[in-house]
Amino acid sequence: MQQASGASALRRLTTVDDVTAVVGRPSSVVMLKQISALDADCRSVLAHSPVAAFGYRDADGTSRTTFVGGTPGFARVHSPTRISFSLPGPGEPHGPVSLFFLLPGVGEILRVNGSVAAHRSARTAVDIEEAYVHCAQAVLRSRLWQPPAPKAEPVAEISGDGPLRRPGVAEFMAAAPFLALSTWDSSGGSDTSPRGDRSAVARIMDGRTLVIADRKGNKRADTLHNLLQDDRLSLAALVPGRSGVLHVRGRGAITDDPALLETMALRGMSPHLALLVDVEDAEVTGSDAVVRARLWIPGAHLRRGPMPDMMAVAGRHLAAGSAGADGGPPAFLLKALGAIPGLTRLLRLVADRGYRSGLQKEGYEDIEPGAGERRRGFLRRRATNGGGTQDPLREVRVAEVRKETPSAVTLVLEDTGQNSRPFGFRPGQFFTLVTDIDGRPVRRAYSASSAPGSSRLEVTVKHVKGGLFSTHVHQSLRVGDRLAVRGPSGSFHTGQKSPDEIVLVAAGSGVTPMMSMIRTELADRSARRRIALLYSSRTEDEIIFDADLTRLAADHPDRLSVTHVLTRRDGRLDADGVRRWVTGLSPARDTHYYVCGPEPLMDAVQGALSGLGVPDKGVHHERYTSGAGTGGATTVPQEMAVEDNGRPVGTAVVEAGQTLLDAGLASGLPMPHSCTVGNCGECMVRLRGGEVTQNGPNCLTADQKADGYVLACVSCPLSKVTLDLADPSPIDRVDGAQ
């Protein structure tokens, strides 16, 4: 491809000597801090890091850079020289790859280089060849962890055609202060390095050309040397507070053109070089990894204990690299110094002073105190005083998979750590299960079938033909596997002041919340509440909890009665059948009824109970909804303004295909939510302006939709939107819906 005429006229550097003459050579100390395998410090960084930049090439040689992860510890360490993580695509990685791991609030990063060992089911394994701590200058230049900057000024008109004129690209680039840049050499090496700058880290010259300032660093100049051998590159840019990523790939060249460098000067100080990128492709996409990582929410990543001090890590790596090396400080001296009490703090102060001084010489002002590493006290204070939104996800492991019927299994879940805590909920409520399937997070809601208060949570999953999550559970999930749960959610539950008699009607897997109610009631020896269950199944083999129900009814004949209807034998349960059964119970007037199952059953029970004069307030329904992805959303980012009873709360940008809830949470806005799959109604907000598309079925009633309410968790914008978080009136709330 030909560079645009303006860029093609600029002088290029084409030899190592040209680059070295400008950049210089790195000191021996810089090169000695590399290690060839992950030590305990590196494993600690990976355990705390929720996201990493990843540079790779696919089988066709296409260069790609993206962000992977989503939760602390997303990269699984198999050995000191192998890690693995989910990569949703596009393309299957081959050959040399490179990563750098980010720690929210910390300036230094951990860089890891290696090669692809395997790629199966969207999970990539990497054999590690080197790892080292990278200085904090790129993060500091970009102010990556500081509050998001005000909305950027309108973007100037772009001349010429090209990928940079695609929807949303120029606006994103104008606001992006930070990017990950991936390059490769000709001998099988890869490098992904951070680049940061005040305001925009890259500037658009025309429809197909970017320019990136190359300011002074540690003089390793890996990117520059790689481009002299192979000019193909890719990059991924971030905007603080947004959950989208700008992906760019193209070809790079190095220039020292004085006139161009002068346009990127800060306080009269020009960068020593610049990179010219001939862009072949550019696209802004929503990033599941960035959404789930919640990078700009203080306190969201403090659950795994203190983060490692990166200066101390670098010091220990230097000591290890100095052993037996010529030209570096003696290893024994470095180890002895590292053992001095308080030295780590002193090194941090010295490093921060060095960062501040170096960046001021480049023309940067207002360098944040505690330059390399944000003060942890600030993070903790924000976390405990309500700054930001806490992550409600709870990591669990599968302790047991118990087969209930040929098409239903019960998952027994427990905390992953040693400090297990009980699962608190009300009998009948549900939890949202979250896991990665083919590299993408998938969420589904399932009612608890166990009694509350135990250190183990049981959820029962029936296999649905074509169901992504249920198929994964039945075919792939094994004991020891990890996933996350959110909740409890839902208003379908027995209250502490329920009447002396409750009637339960269920069909199929609708018995799962009923089982939690039954187990809870019968475990309380002081309670005398009577329970009657009418349970419809297709065949005897498909009766979920058959043995448990039989045993409990035998053990508590005065408190529990169970009536089975087998549709292949008895026909479908209809309103007449429900009416005859309820009449035979002779229930008290204050009896409460709980119904869970397919819509035809719900309608039949409602009709029967209405005919018997049962008041609506005594009937509780559970409605299962799909929570599937939204469809028909706009393909360009949209602005979302959030208010609380008319008072401005904040703004966010909703990336293409992203939900209102995910965008709001990624920006740190106080968005109400619970299940995140359209079942509980907790995320219901009023749409004050704009248009959205919303998947269904969901738990909103026709009246709520008519009043302008939407569910933020399953809605995507079609235009600029304004939401109001003000609590709906009690009559507007979802009652008894899942």
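The tour goes from a strand residue to the cysteines and then to a pair of helices.

This is a predicted model, in which local features need pLDDT of at least 70 and side-chain atom pairs count only at pLDDT 80 or more, while totals for chains, interfaces and linings use all residues. Residues are numbered from 1 along each chain as its sequence is written, and side-chain values use heavy atoms, with hydrogens and water left out.

Select Asp-191 first, which lies in strand β9 (residues 190-196); strands are DSSP runs of E, at least two residues, and helices are runs of H or I, at least four, numbered from the N terminus. Asp-191 is buried, at 3% relative accessible area (buried means under 20%, exposed over 50%, partly exposed in between, with a 1.4 Å probe and protein chains only). Beyond its neighbours within four places in sequence, Asp-191 has contacts that include Arg-111, Tyr-132, Asp-222 and Asn-226, contact meaning heavy atoms within 4.5 Å.

Next, select Cys-135, buried at 17% relative accessible area, and then Cys-716, buried at 1%. The structure holds 0 disulfides (pairs of cysteine sulfur atoms within 2.5 Å).

Finally, display helix α15 (residues 511-523) and helix α16 (residues 546-555), which pack at an angle of about 30° with axes 12 Å apart. That angle makes α15 roughly parallel to α16 (under 35 degrees; over 145 is roughly antiparallel, 65 to 115 roughly perpendicular, the rest oblique). Show the side chains of Met-515, Ile-518, Arg-519 and Leu-522 on α15, and of Asp-548, Leu-549 and Leu-552 on α16, which make the contact.

Key: Axes fitted to C-alpha atoms, helices over the stretch in contact; angles between N-to-C directions.
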